[in-house]
Amino acid sequence: MPARGTSAQPHPAQLAFAAVLRELRRAAGKPTEEAIARKMACCGRSSVSAMLNGRRFPSWEHTAAFARAVDTNPEKLRAQWVGASRQIEEAAKGSPAPRTPLPLISDPQAGEAVLAAHWYRNNREFYEAAGERARQARSEIRVTYTRRYPPTQYTTPASAAYFKAILDWAGEDSDDERSVRRIIGVPERDGRPDADMFAWARQHYDDTRHILTYEASVLRWTAAADGLNMALIDDSVVFLAFSGGPRQKLNGLSIEDPTFMTYFAAYFDQLWAALTPLGTYLGDMEQNTGGTGA
């Protein structure tokens, strides 16, 4: 595969993964490339140099051997290696390359993981990436939507495609066990929901109630600001979206790491357990407000 060998212009994911390896080497006291190669016992000094400088993307066997040579558990690198490998393979097939992953380095001495983040500069980049991963989901998608206005008032082609991708995935005729859970933050003032958001929530319920793999619950939101929104896909990748100010302004990041994922999954599940299903919320509000919700 060309992307794995020597190249004048290595794939960005290859360079980012090399940066992660270099940081692990630093944390181990900067052993020489020759010393690392001897401990790996499966390649020479020149191969180690190529891995560290991003000229060669290592196989998983070489990656695991490198990790052990610098006193790191190879499993801490597996999710990052898989993610980088996928990007390189897709690029070799002619698919558009995702944005460059930039390493987020924490303190290895404290037993923390080395993480790589994909940064998205705007609405289009974020939603295109999140939509693509949603279409590739295996079994579970957990998402939140806590903003001051309904999705219909933010719609761009990329965001519309993202929302459609999640519902299409949930409604696909498949033998796989699938689950989509969405937390919807409905803005309220003095106990009354925002009229536009309530109308959208009611329409959303009507549009999705027939999808047996899709559930939505309501978070009653009283802050006059957007919340931090997230998409958790399967057990590996977290998308975080930051919005506010102009309606279309949104950027964010994604991190593909199973351990990182567990923190957000636990938070999501804690919220979910305390919330009211969308259908129940709509019924209660309509009863309390004479059918309008506002």
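This is a predicted model: local features need pLDDT of at least 70, side-chain atom pairs count only at pLDDT 80 or more; totals for chains, interfaces and linings use all residues.
Residues are numbered from 1 along each chain as its sequence is written, and side-chain values rest on heavy atoms, with hydrogens and water left out.

The structure holds 15 aromatic pairs; rings of Phe, Tyr and Trp (its six-membered ring) pair if their centres lie within 6.5 Å, and planes under 30 degrees apart count as stacked, over 60 as edge-to-face and the rest as tilted. The rings of Tyr127 and Tyr162 have centres 5.1 Å apart and planes at 45°, so this pair is tilted. Tyr127 belongs to helix H6 and Tyr162 to helix H7 (residues 157–171), and the pair links parts of the chain 35 residues apart. Helices (H or I, at least four residues) are DSSP runs numbered from the N terminus. A tilted pair is also formed by Tyr127 and Phe163, at 6.5 Å centre to centre and 40° between the planes. Because Tyr127 lies in helix H6 and Phe163 in helix H7, this pair ties together parts 36 residues apart in sequence. Tyr127 counts as buried at 7% relative accessibility, as does Tyr162 at 8% and Phe163 at 17%; buried means under 20% relative accessible area (1.4 Å probe, protein chains only). Ring pairs join Tyr127, Tyr162 and Phe163 into a cluster with Tyr120, Phe126, Tyr145, Trp200 and Phe239.

The largest nonpolar core has 38 residues, and Phe126, Tyr162 and Phe239 have the most contacts inside it. Such a core is a set of buried Ala, Val, Leu, Ile, Met, Phe, Trp, Tyr and Cys residues joined through side-chain atoms within 4.5 Å. Helix H7 gives the most to this core, with six residues. Apart from this core lies another, of 24 residues, among them Phe17, Met40, Trp60 and Phe66.

Helix H6 (residues 123–135) also contains Arg133, which counts as buried at 17% relative accessibility. The side chains of Arg133 and Glu256 are joined by a polar contact of 3.0 Å, a polar contact being a pair of N or O atoms within 3.5 Å, of which, within protein, one must be able to donate a hydrogen and the other to accept it, and residues adjacent in sequence count only if both atoms are side-chain atoms.

Key: Helices (H or I, at least four residues) and strands (E, at least two) are DSSP runs, numbered from the N terminus. Buried means under 20% relative accessible area, exposed over 50%, partly exposed in between (1.4 Å probe, protein chains only).
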